[in-house]
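Me: I am new to this structure and would like to understand the words used to describe it. Could you take me through them?

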Amino acid sequence: MHSDHLPLARASVDRDGHARVRPGLLDDLLAEPSTRVLTIDGDRVATAGSDDAALAFVPPSDRVPGAGLLYLGRDEDAAYLAQVLGAGPRPAAGDLDRRTDDPQGSTVSPPPSYAVLRDIGWQLGDRDAGLAVGALALANWHRTHTHCPRCGTPTEVIDGGWVRRCPADESLHYPRTDAAVIMAISDEAGRILLGHAPQWPEGQFSVPAGFVEPGESLEAAVRREVFEETNVVVGEVTYRASQPWPFPASLMVGFAGRATGTDVRPDGEEITEARFYSADELREAWTTGAIRLPRPTSIARSLIEEWYGEPLPEARAGRRWA
Ligand SMILES: [Zn+2]
C-alpha cells in the first residue's frame, strides 16, 4: 500500500508554489487562453459527461463573474484555476482586475454536471484527482475562515488563494489540515476489527478512525481511539499510507496495528457494534450483502483490502458500496 496509489492522494500537476506571490498572477492566468478553470460548488465539483470519470473545465472567458479564484498549479498543458461559486474567497483589491467581470453573466456556459468527490474520486485520473482534492480543501477552508482569529476583522485573500491576510494587524493565516488516524487492527489470529457507527446506514462497517488530539503522536492517537471506541488494546503500530480527505479538511493517516486482546466492547456512542472478522467471514458477509463496506475512494477501503490481500470481490448488486 502506497500513498501514490490511493485515490485521493494522486496528483500530477505542479503546485507551482513560488508563483503564488507573483503580483498580478490571477490576471495573467486569466489572460492565458490555455488556462483551465474548474468549478467548485459547495462540496461538488464540475464533471464532464455522464460517467463522472473526468472533471469539466472552462476557459477563462467562460468563468462565472465574481466567483472566488484559487490557483491550483500547472502542467505542460495548462495552468489550472478553481472558481468557487457562492460564498467563495474574494481576492484582495488589486489581485484581480474587476473590469474583466461580465456583470450580465451572459458568457457563462454552465458545466454539464456536478458530482461529490467522495463518490467519484476513485474513478478520476491522477491529474483530476489531485486538482479536485486541492481545490475542495482550499475552498472549504476559505468558507469557514473569513475573519481574523486575533481581532475579528474580515481577512482578504492573497497569494492565489493560499493565504488570508488581516488588514488591521497584518497577520497572515494559512489553510489548515486536520490530522486523523485510521487503522486496520488485527488480532493474533489475523482477524480484522470492524465497527459500526450509529450515524451510518444500517449494516455499514469500517475500520476505526479518529482525530489526533493536541499534544498527541499519531501512534498514541491510534491506540487511544481504538481503546476508547472498542476497549481493544493495541500494541505494535505501523504506518501504511496517507491521503487527504477534504470533507472538510482532514488528512487521513493510515496504520496497521496489532491487538493484544480480543475483548471487544463498543463504547455505545461513537461505535455501537464492533467485532473481529476473519477473511472468510468478511467475504461471506460482504458478498451476501449482510454488511456494507467503505466506498473505493476511501483509505478505509484500501486498508481493508490490504489486510484482505486483494481487492474485494463484487458484492451483491445494489450494496456494492455505501
Ligand atoms: Zn486581525
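Me: Thanks. To get my bearings, in which segment does Asp16 lie?

Reply: Asp16 lies in the segment before helix H1 (25-31). Helices (H or I, at least four residues) and strands (E, at least two) are DSSP runs, numbered from the N terminus. Residues are numbered from 1 along each chain as its sequence is written, and side-chain values use heavy atoms, with hydrogens and water left out. Please keep in mind that this is a predicted model, where local features need pLDDT of at least 70 and side-chain atom pairs count only at pLDDT 80 or more, while totals for chains, interfaces and linings use all residues.

Me: What makes the phi of Asp16 worth a remark?

Reply: Its phi is positive, about 55°, although Asp16 is not a glycine. Most residues other than glycine have a negative phi, and most peptide bonds are trans. Glu170, in the loop between S8 and S9, also has a positive phi, near 65°, and is a residue other than glycine. For the peptide bonds, look from Phe247 to Pro248: that bond is cis, with omega near 10°. Pro248 lies in the loop between strand S13 (234-245) and S14.

Me: Which residues are the protein donors of the zinc ion, and how do you know?

Reply: Donors are N, O and S atoms within 2.8 Å of the metal (3.2 Å for Na, K and Ca); water is not among the atoms, so sites may look incomplete. Cys148 (SG), Cys151 (SG), Cys166 (SG) and Asp169 (OD) lie 2.2 to 2.4 Å from the zinc ion, so they count as donors. Along the chain, these donors follow the spacing C-x2-C-x14-C-x2-D.

Me: Why is the site of the zinc ion called tetrahedral?

Reply: Four donors count as tetrahedral if all angles lie between 85 and 135 degrees; four count as square planar and six as octahedral if opposite donors are over 155 degrees apart and all others between 65 and 115, and anything else is irregular. The angles among the four donor atoms of the zinc ion are 101 to 119°, so the site is tetrahedral.

Me: Why does Cys166 count as buried, and why does Asp169 count as partly exposed?

Reply: Buried means under 20% relative accessible area, exposed over 50%, and partly exposed in between (1.4 Å probe, protein chains only). Cys166 has 0% relative accessibility, so it counts as buried. Asp169 is at 30%, so it counts as partly exposed. Glu170 has 65%, so that residue counts as exposed.

Me: How do you know that S7 and S8 pair?

Reply: Two strands pair if DSSP finds at least two bridges between them. Three bridges join S7 to strand S8 (residues 163-165), so they pair, and they run antiparallel. One of the links is between Ile158 and its bridge partner in S8, Val163. The open sheet here has three strands in the order S7-S8-S9, with antiparallel pairing. Its edge strands are S7 (156-158) and S9 (172-173), each of which pairs on one side only.

Me: With which strand does S10 pair in the parallel sense?

Reply: S10 pairs that way with strand S14 (residues 250-259), over nine bridges. Ser186 has Arg258 as its bridge partner in S14. Three bridges also join S10 to strand S12 (residues 209-211), and these two run antiparallel. S10 (residues 178-186) is mostly covered, with seven of its nine residues buried.

Me: Why is helix H6 described as largely enclosed?

Reply: Eight of the ten residues of H6 (residues 299-308) are buried, so the helix is largely enclosed by the rest of the structure. Among the buried ones are Ile299, Leu303 and Tyr308.

Me: What makes the contact between Arg224 and Glu216 a salt bridge?

Reply: A salt bridge is a side-chain nitrogen of Lys or Arg within 4 Å of a carboxyl oxygen of Asp or Glu. In Arg224 and Glu216 the closest N and O atoms are 2.5 Å apart, so the pair qualifies. Both residues are buried, and they belong to a network of salt bridges that also links Glu213, Glu225 and Glu228. Glu281 and Arg275 meet in another salt bridge, at 3.1 Å from N to O. The structure holds 19 salt bridges.
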